[in-house]
Protein chains: 2
Amino acid sequence: MNIIVDAMGGDHAPREIVDGAIQAVNEFNVNITFTGVEAKIRAELAKYDYPKEKIKIIHTDEVVDMHDPATTSIRKKKNSSISLGINLLKESTTYNAFISAGNTGAVVCAATFLLGMLPGVERPAIGLVIPTLNKFSFLIDVGANTDPKPEHLLQSAIMAKVYAQEVMGINDPRIGLLNIGAEESKGTDFVKDAHKLFLERLSNFAGNVEANEIFAGRCDCIICDGYVGNVVIKISESLMESALTLIRREVKKSPMSMLGAMLMRGCMRDIKKHADYTEYGGAPLLGVNGLVMISHGRSNAKAIKNAIRATIHEIENNVIDHIIQEVV
Amino acid sequence: MNIIVDAMGGDHAPREIVDGAIQAVNEFNVNITFTGVEAKIRAELAKYDYPKEKIKIIHTDEVVDMHDPATTSIRKKKNSSISLGINLLKESTTYNAFISAGNTGAVVCAATFLLGMLPGVERPAIGLVIPTLNKFSFLIDVGANTDPKPEHLLQSAIMAKVYAQEVMGINDPRIGLLNIGAEESKGTDFVKDAHKLFLERLSNFAGNVEANEIFAGRCDCIICDGYVGNVVIKISESLMESALTLIRREVKKSPMSMLGAMLMRGCMRDIKKHADYTEYGGAPLLGVNGLVMISHGRSNAKAIKNAIRATIHEIENNVIDHIIQEVV
């Protein structure tokens, strides 16, 4: 199994990217090919012991910045670590997947233009495994397509169903359409049209799911447009951080609370682990003709290692073949 | 000051509504007129001591159910506690405002049709005071208008500015447009159009605000459409509840954690108070020609009392006059 990893993508690249990839080659049966600035990657690699034959580097000087606009980054930086990696995936059957923690828009654009779409899928969508009170759900789209048509949402729903079944191991996943009320008559015109289409064409459709039901785990797959999905994940992430900041601030005001917090440390660690994005590591970009995994810009080594593990799981379970069968 | 209160609206009506209103007449300089089923209201009133001249009841048997579709509830239940109350506000100068914890869609519809819109405002919007790490921000729209035009968002922004200045006491409020990136080029076509309009027409425009910046308090007013705003508040509410459920579940697994949780109780109480919607009580419905406050369906007596307090504050600060001056 050969996975291409963008060594330059993310806030802590290449340090954490290389660290995570080394952990992965030591733990899993996988070879890694880095794209990026060779000297910088070699400097990081020098810190570790690892089977040398499992790591390759394909050098490029061009790096896409987090603030580069997505489309221009593709046109003007044709040899960026992102475009180079995705081209490699396209042109050589040696490689099974590409992972980047870099500029999400640039990855989506490069993957769409260079790999093309799967038959029957018109637009890409980014899915995300999210922890819920029950276990895990799959939220799609969290930012690839902000102005979708109802048919794009249907295609996302079918891809989500495949992902939930094949990768997350959920039998007969319940699929919900994110909306602001349970009734068919609720929501924007767009969501109402999508609801009609889902009723006609989607088995396992569990109807509208309200935002307050997401973390309660009422549905296995939650389908929404990329604008609202992006808001959902950013709100969730920041709210937990704000809550922790508030707790830390308040705890310091009383010695009793500080003692209490110390005693609760183990319990809080378990909770944080359940809610920690680095445990799942990446968000699959679905719909494009190739396995592409997008990692959080803040990814640390653990997140990268886990993104590689999730990608291996996708490869083993032939996600793309299953999507093609279901969508057409 | 005379406020009409829908005694039948909300999950705990009329018990908590009457209780909260009694607390308000005892604490504030306000008279309350209830609309609703007189016998039920009287049965609740009998539990309390209060200055009798400060409470009136206008009887109606018709009650809008939480699941009644908004428009039909207005057409078919012309004498509901909601429509009756809003008509009263419209037709008599005795009354200053109307409050309901009932069916939000029905309140928005009734207020829009019966009171009409303010000059220069085309659509109503529901604002909400939300606690942030700094202090408080004002999020608008949280559910009145799910398919707005960019001009509607501009009108909401101006109303938000007035509310932040006059009611929340924020000088020169910074106004942000909710989006999925800081750059002008980000987001849906709709949000991009709104961004252009804000740049042209809005002083105090602080640019796009991302969802993860909401609770950090980067902007005083956050403007969005009613669909995404509704998702934001429902996610936030449910995420805090899910986190607390998780903590309770985990704490029980170890005696040390249970002791820790006991020691942290005071600190957690302060945090919950800061994050507690009942402290602010209600969400103003802005844009209609009359002061209407919408309370959470789950409102308890404290939420109702605080909604009445916030409404008094709106009346004293002539919110509607200020909006008319700013919008036109």
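B:Ile3 stands opposite B:Ala97, a residue of strand S4 of chain B. The model is predicted.

**Sheet of chain B**

- Eleven strands of chain B make up an open sheet.
- Their order is S3-S2-S1-S4-S11-S10-S5-S6-S9-S7-S8, with mixed pairing.
- Strand S3 (55-59) and strand S8 (205-210) of chain B are the edge strands, and each pairs on one side only.
- From one strand to the next, the twist averages 25 degrees.

**Helix on the sheet**

- Helix H5 (residues 104-115) of chain B packs on the sheet.
- H5 of chain B touches S4, strand S10 (282-286) and strand S11 (291-295) of that chain.
- The direction of H5 makes about 175 degrees with that of S11(B).

**Contact between chains A and B**

- Chain A puts 48 residues into the contact, and chain B puts in 47 residues.
- On the side of chain A that touches chain B, helix H8 (211-214), helix H9 (226-251), helix H10 (255-263) and helix H11 (265-275) of chain A each supply at least two residues.
- H9(A) gives the largest share of that side, 19 residues.
- By class, the side of chain A that touches chain B holds 26 nonpolar, 15 polar and seven charged residues.

Conventions: Residues numbered from 1 in each chain as written. Chains lettered and ligands numbered in written order. Predicted model: local features only at pLDDT ≥ 70, side-chain atom pairs only at ≥ 80, totals over all residues. Pairing = 2+ DSSP bridges. Helix = DSSP H or I, 4+ residues; strand = E, 2+ residues; numbered from the N terminus. Axes fitted to C-alpha atoms, helices over the stretch in contact; angles between N-to-C directions. Contact = placed C-beta atoms within 7 Å. Nonpolar A, V, L, I, M, F, W, Y, C, P; charged D, E, K, R; others polar.
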